[in-house]
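Dear colleague,

I am passing on the structure we spoke about, and my notes on it follow below. Please read them with the model open beside you.

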Amino acid sequence: MNKASFSLILFFCASLANADFSHIYIDQHPLKTVVVNNIEIAYREIGQKENPKVLMIMGLGASNLVHGDNLVRGIEKAGYQVLIFDNRDTGGSTRFDDWGQPTIWLQLLKNRLGLRVNTPYTLDDMAADTVGLMDAVDYKDAHVVGFSMGGMIAQKVAAQYPERVRSLTSVMSTTGANHLPKPTKEARKALASLASGAAADERAKALSERGFYLDSMPRQYMAILDAGDRTAETSTIKVRTLVIHGAEDGLIPPAHGQHTAEVIKGSELVIFPVMGHNIPDEVLPKLLTRITAHIMSADLVGS
């Protein structure tokens, strides 16, 4: 991976790597694989089979382990079976290493010029993987919770497959609208201190230990670029929606969450003051309370 590519990856994932959530409990549940859309998807089911379902989708280059024990157990204890999985190109799912790495500066230039970027797959493919996995494990529907890029995929699932989604929770994500603010100056400065030398090596090690797949991230970022502005599609979402964002998110500033809530009619917006592009320990219990209240409310309405 070239220096420019690595810098971009650190930019998107430095904050997430700081949260060292345990995955001992997650590891106790077997990682299974199933063929979906002609590729293998790795997944875990946690909780009682007869319980209503919550499907969680992780972000850029992140495996199912990145959810962390406390988040998964909190939702399970609320009375749900939790389905977590590795998006294509991460973890135990089919990898696309043979496709190689995009030249990011060139793809960014093409994107600015309105040209299609080179990508081995799209967010639509990843949304189809999600629904295909639901089919494979016999989930008629589920509460869908997505984080960062996973929130983008979750939005697509809710827009394209509304009958499969009992509720949507979009966390620290975006519609990709062109007018929304870029990462903050502070976030760019933080990147500069991490993108070279020993600091970069330490950060790469931390990301790998947390369950991130560095080589997959540039390819998944191309899928995000290819998707472009998804405002029109996102505005078609009718399912009960909760949007969660951090007031201190410098990577995807809070205006992105605000815009998501604006375009999804009737959605609820929660902005946590001390949350960045991560889930701090002090925020996690409050976030769990909001998510579980949201999905329980949707179940009551739908019953």
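A contact here means heavy atoms within 4.5 Å. On that basis, residues 24 or more positions apart account for 79% of the contacts in the protein with a separation of 6 or more. Please keep in mind that this is a predicted model, in which local features need pLDDT of at least 70 and side-chain atom pairs count only at pLDDT 80 or more, while totals for chains, interfaces and linings use all residues. Residues are numbered from 1 along each chain as its sequence is written, and side-chain values use heavy atoms, with hydrogens and water left out.

The overall picture

The secondary structure comes to 12 helices and 8 strands, where helices (H or I, at least four residues) and strands (E, at least two) are DSSP runs numbered from the N terminus. Of the 303 residues in the protein, 58% are buried; buried means under 20% relative accessible area, exposed means over 50%, and partly exposed lies in between (1.4 Å probe, protein chains only). The accessible surface of the protein comes to about 12700 Å², and 51% of that belongs to carbon and sulfur atoms; these areas come from the Shrake-Rupley method with a 1.4 Å probe, and for residues only the protein chains shown count as cover.

The buried residues of α9 include Met 217, Tyr 221 and Leu 225, and just after the helix Gly 228 takes a positive phi of about 65°. Gln 220 has its place in α9 and is buried, with a relative accessible area of 0%. Leaving aside residues up to four places away in sequence, Gln 220 touches several others, among them Gly 59, Asn 87, Asp 89, Tyr 121 and Met 149.

Salt bridges

Side chains of opposite charge can pair when their charged atoms come close. The structure holds 15 salt bridges, each defined as a side-chain nitrogen of Lys or Arg within 4 Å of a carboxyl oxygen of Asp or Glu. Two that involve α9 are described next.

Asp 89 forms a salt bridge with Arg 219, with the closest N and O atoms 2.7 Å apart. This pair links distant parts of the chain, since Asp 89 sits in the loop between β4 (81–85) and α4 (104–112) and Arg 219 in helix α9 (residues 217–227), 130 residues apart. Both partners are buried, Asp 89 with a relative accessible area of 0% and Arg 219 with one of 1%.

Arg 116 and Asp 226 also meet through their side chains in a salt bridge (2.7 Å, N to O). Arg 116 counts as exposed at 58% relative accessibility, whereas Asp 226 is buried, with a relative accessible area of 19%. Salt bridges that share partners also join Asp 89, Arg 95, Asp 97 and Arg 219 into one network.

Elsewhere, Asp 27 forms a salt bridge with Arg 44, with the closest N and O atoms 3.7 Å apart. Asp 27 lies in helix α2 (residues 24–27) and Arg 44 in strand β2 (residues 39–46), so that this pair links distant parts of the chain, 17 residues apart. Asp 27 counts as partly exposed at 40% relative accessibility, while Arg 44 is buried, with a relative accessible area of 7%.

Aromatic rings and the surface

The structure holds 1 aromatic pair. Phe 96 and Tyr 121 form this pair, which is edge-to-face, at 4.9 Å centre to centre and 65° between the planes; rings of Phe, Tyr and Trp (its six-membered ring) pair if their centres lie within 6.5 Å, and planes under 30 degrees apart count as stacked, over 60 as edge-to-face and the rest as tilted. Phe 96 lies in the loop between β4 and α4 and Tyr 121 in the loop between α4 and α5, so the pair ties together parts that are 25 residues apart in sequence. Phe 96 and Tyr 121 are both buried.

Trp 105 lies in helix α4 and is exposed, with a relative accessible area of 57%.
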